[in-house]
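Please keep the sequence at hand as you go.

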Amino acid sequence: MNRPRGWARIGVRGRVVAAFLVMLVLAEGVSLVVLRQVGEARIDEQATDELLAAAEPFRTSVADTLEPGSGALTEVFDDYLRTRPARTDQAYLALRRGEPYAVSAGAPVELDRLPEVERWADLSTTTEGTTTTAAGATRWLAVPVVAGSDVLGTLVVAQFTDAQSQALESTVVTVSLVTLLLLAGAALLAWVAAGRALVPLRRLARTAESVSGGGDLDARIEVVTDDETGHLARSFNAMLDRLRGAFDSQRQFLDDAGHELRAPITIVRGHVELLDDDPAVRQQEVALVLDELDRMDRLVTDLRLLARSQRPDFLSTAPVDVDAFVTAVAAKAGALGERTWVVSADSEATVRVDAQRLTQAVLNLADNAVRVTDADATIEIGARRDGDATVTFWVADDGPGIDPADVPHLFDRTQHTVPTRPGGTGLGLPIVEAIVRAHGGRVAVHSDVGVGTRIELTLPEAPA
């Protein structure tokens, strides 16, 4: 027996949940990366905006008050630094002729002690950059004051972004923990949902095991949904219905064969065992045996037809004009016996049927009517279109009628309540019922003792 290997060992439920979690983990991982990148970009953008906003008053003051070659730059520095609010995330450094002039108080880092001072002193254009200090990542903006080719001084504004970066990191960690909890909950829900979704499959497996192991063909799966699993359950139940029908048909065939063939086999055996040496008697015995063998052949043919009536390919339907059909069948029935044949064909309807099978059913009824009536009897064959999209065919006679006690058993294969013609099998009426049921129709018997019998075959105009 082949054993599942690798990925297949964890079962369908485990594979579904695992695939679901893999997709969630990938999605959440990408989300965290995007969150971090967006957050860092936002921190950089905010730092740039604040640096520009902090430097703008200094630029305005220089443009408005400082004359070229003036020595009032120190006053501009003093006024600017005096008006700046004390902040723990910003620091300011004023350079005059390349040397530190003033630095903001309370800053987490002394800017005048950084190695970048020499670089800032040499700048002749406004420049933005990033450096690492004791306070972490630091964004800076250097705004030089230039007179001709001479750099009079430089204002450096520093923005410490470590606090924002730590807040972003804390947010990412929090989101990660929440994501883990959500993944655990999602895994549990997915496990439960997959289990519920696979319930029909487990029922199907148990039903299949009960059918294959114990032969329980009555087991069915309860259909509770209208999705793919519900469709699978309905298809499996339909397969079991067909399988049960096939087994029932096979069992019925065997029962019927055993019941119907027992008598002719006994007769043949008895006559063969007692076969006389007298040629004349022998000839009679052989003729009787051959007659019984012919009857056995007809029995087998009828039983096979009854067994085949359960198969989907039993019928080959096509549109049939009802009136023309009844007229044709009545013409054929006239050869069954000298009777007064009446045709009632004025329905102007078309029905989709297997014409050969339906002809066989109607002629069987006509043959029964001939056998129970005298030569002066009247037999009517007719059809009508009903108002509920059905067509009813009938065979009626004015014979002796049927005892009401026999009507329920009229189509029983094991009880022949209608006289059998010489050489007949007694399966004519069961064959009629099988043909009608195969069309999706029904048989109705109306009989009064001493008045006559009317048997109706009601068929849908377009059977499924």
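A residue counts as buried when its relative accessible area is under 20%, as exposed when over 50%, and as partly exposed in between, using a 1.4 Å probe and protein chains only. Helices (H or I, at least four residues) and strands (E, at least two) are DSSP runs, numbered from the N terminus. This is a predicted model, in which local features need pLDDT of at least 70 and side-chain atom pairs count only at pLDDT 80 or more, while totals for chains, interfaces and linings use all residues. Residues are numbered from 1 along each chain as its sequence is written, and side-chain values use heavy atoms, leaving out hydrogens and water.

Let us begin with helix α10 (residues 428–438), where Leu-429, Pro-430, Ile-431, Val-432, Ala-434, Ile-435 and Val-436 are buried. Just after α10 comes Gly-440, with a positive phi of about 80 degrees.

Next, turn to the helices α1 (residues 11–65) and α2 (residues 73–83), whose axes come within 10 Å and cross at roughly 145 degrees. Here axes are lines fitted to C-alpha atoms, for helices over the stretch in contact, and angles run from 0 to 180 degrees between N-to-C directions. On the α1 side, Ala-54, Ala-55, Pro-57, Phe-58, Ser-61, Val-62 and Thr-65 meet Val-76, Phe-77 and Tyr-80 of α2; contact means heavy atoms within 4.5 Å.

Tyr-80 also has an aromatic story. Rings of Phe, Tyr and Trp (its six-membered ring) pair if their centres lie within 6.5 Å; planes under 30 degrees apart count as stacked, over 60 as edge-to-face and the rest as tilted. The whole structure holds six aromatic pairs. In one of them, Tyr-80 and Tyr-92 sit edge-to-face, 5.9 Å centre to centre with 85 degrees between the planes. Tyr-80 belongs to helix α2 and Tyr-92 to strand β1 (residues 90–96), so this pair ties together parts that are twelve residues apart in sequence. Phe-58, Phe-77, Tyr-80, Tyr-92 and Tyr-101 form one aromatic cluster.

Which residues does Thr-154 contact, leaving aside neighbours within four places in sequence? They are Phe-77, Leu-93, Ala-94, Leu-95, Trp-120, Ala-142, Val-143 and Pro-144. Thr-154 itself is in strand β5 (residues 150–160).

| Residue | Relative accessible area |
|---|---|
| Thr-154 | 1% |
| Tyr-92 | 3% |
| Tyr-80 | 4% |
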